Amino acid sequence: MLAKARITKGGKVSIPSAYRKFLNLKDGSEVVFTIKNNQITISPLSAALENARRLISKYHSSDDSLVDQLIAQRRDEAKNE
């Protein structure tokens, strides 16, 4: 699917309707911009968060709480001060 848009005053660009529908973007939806190889990618924030969770899950078991681990580390460091 290919579409084009024009940049208006203030750097605003309208996302074409077909793209908004495909990504389920509504008024007020948050998106994330990334630049790679001189191209801008716009992704729904929910998709970006899901990708981040997938990356983290490769290195960390979901059974362990990262927050609990951090708190335990901070308490150990405080004891050693």
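This report describes the confidence, a nonpolar surface patch and a salt bridge in a predicted model.

Residues are numbered from 1 along each chain as its sequence is written, and side-chain values use heavy atoms, with hydrogens and water left out. Because the model is predicted, local features need pLDDT of at least 70 and side-chain atom pairs count only at pLDDT 80 or more, while totals for chains, interfaces and linings use all residues.

The protein averages a pLDDT of 90, and 99% of the residues score at least 70, where pLDDT is the predictor's confidence in each residue, from 0 to 100. Confidence is lowest in helix H2 (residues 45–57), at a mean of 88, and highest in E1, at 94; helices (H or I, at least four residues) and strands (E, at least two) are DSSP runs, numbered from the N terminus.

Phe33, Ile35, Ile40 and Ile42 make a nonpolar surface patch of about 460 Å². Strand E1 (31–36) and strand E2 (39–44) are the elements that give two or more residues to the nonpolar patch, and Ile40 is found in strand E2.

One salt bridge (a side-chain nitrogen of Lys or Arg within 4 Å of a carboxyl oxygen of Asp or Glu) is found in a search of the whole structure. It joins the side chains of Arg74 and Glu77 at 3.7 Å, N to O, and both residues lie in helix H3 (residues 66–79), three residues apart, about one turn of the helix.

The table uses these classes: buried under 20% relative accessible area, exposed over 50%, partly exposed in between (1.4 Å probe, protein chains only).

| Residue | Relative accessible area | Class |
|---|---|---|
| Ile40 | 60% | exposed |
| Arg74 | 48% | partly exposed |
| Glu77 | 42% | partly exposed |

Key: Patch = residues over 30% accessible without salt bridge, like charges linked within 9 Å, V, L, I, M, F, W, Y side chains within 5 Å. Areas by Shrake-Rupley, 256 points an atom, 1.4 Å probe, with all protein chains shown as cover.
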